[in-house]
Amino acid sequence: MDPIFAAVISRLEAMHQEYFDYMDGLSTEELDWSPGPEMNSLCVLAVHVTAAERFWIGIGIDDVSERNRPAEFLAAGYELEALRAGFAANIAFYKEAFKALDASRLAEVVDVSHFMARPSQRVTRGYALLRGLDHTAEHLGHAGITRQLLDRR
């Protein structure tokens, strides 16, 4: 596997572990707790992050998954193990997909609008991989704050 893809997997695994650290030991009710109106629960964050991560990295490797973004923000009732399984499924998929991927393809341009209903947005495959990483990191901060607020309620 190309070192760049190994680094992507390593970073994702580290971030996923941080999500687990925030969610471990919580009941389904606690995972569904929201700090306030229009704020996401840890369950919503986990469902949204795994779907968005798989979508963006899928663009980078030419294997885009279907997703229902609005439904991600309504997620509730998931047990911790189901959320963990979503993260694990992503890593397993990336490990297999990255084996056959040539890093020279990261400079190729793709149009995101081919994969979802939005205006034309042309990005490189490398950008799509980075977007998958930075989106996961962005919401990791939200998950940490949500856990702190949950613990203080």
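**Exercises on a predicted model**

The chain averages a pLDDT (the predictor's confidence in each residue, from 0 to 100) of 94, and 98% of the residues score at least 70. This is a predicted model: local features need pLDDT of at least 70, side-chain atom pairs count only at pLDDT 80 or more, and totals for chains, interfaces and linings use all residues. Residues are numbered from 1 along each chain as its sequence is written, and side-chain values use heavy atoms, with hydrogens and water left out.

**Exercise 1.** Decide whether Tyr 19 is buried or exposed, and list its contacts.

*Step 1.* Find Tyr 19 in helix H1, residues 3–23. Helices are DSSP runs (H or I, at least four residues), numbered from the N terminus.

*Step 2.* Check the relative accessible area of Tyr 19: 1%. Buried means under 20%, exposed over 50%, partly exposed in between (1.4 Å probe, protein chains only). Tyr 19 is therefore buried.

*Step 3.* Set aside neighbours within four places in sequence. Tyr 19 is then in contact (heavy atoms within 4.5 Å) with Val 49, Phe 87, Thr 136, His 139, Leu 140 and Ala 143.

*Step 4.* Take Leu 140, 121 residues from Tyr 19 along the chain. Their C-alpha atoms are separated by 6.5 Å.

**Exercise 2.** Classify Ile 145 by its accessible area.

*Step 1.* Locate Ile 145 in helix H6, residues 125–152.

*Step 2.* Read its relative accessible area: 47%. Ile 145 is therefore partly exposed.

**Exercise 3.** Which helix is predicted with the highest confidence?

*Step 1.* Confidence is highest in helix H2 (residues 28–31), at 98.

Technical notes. Helices (H or I, at least four residues) and strands (E, at least two) are DSSP runs, numbered from the N terminus.
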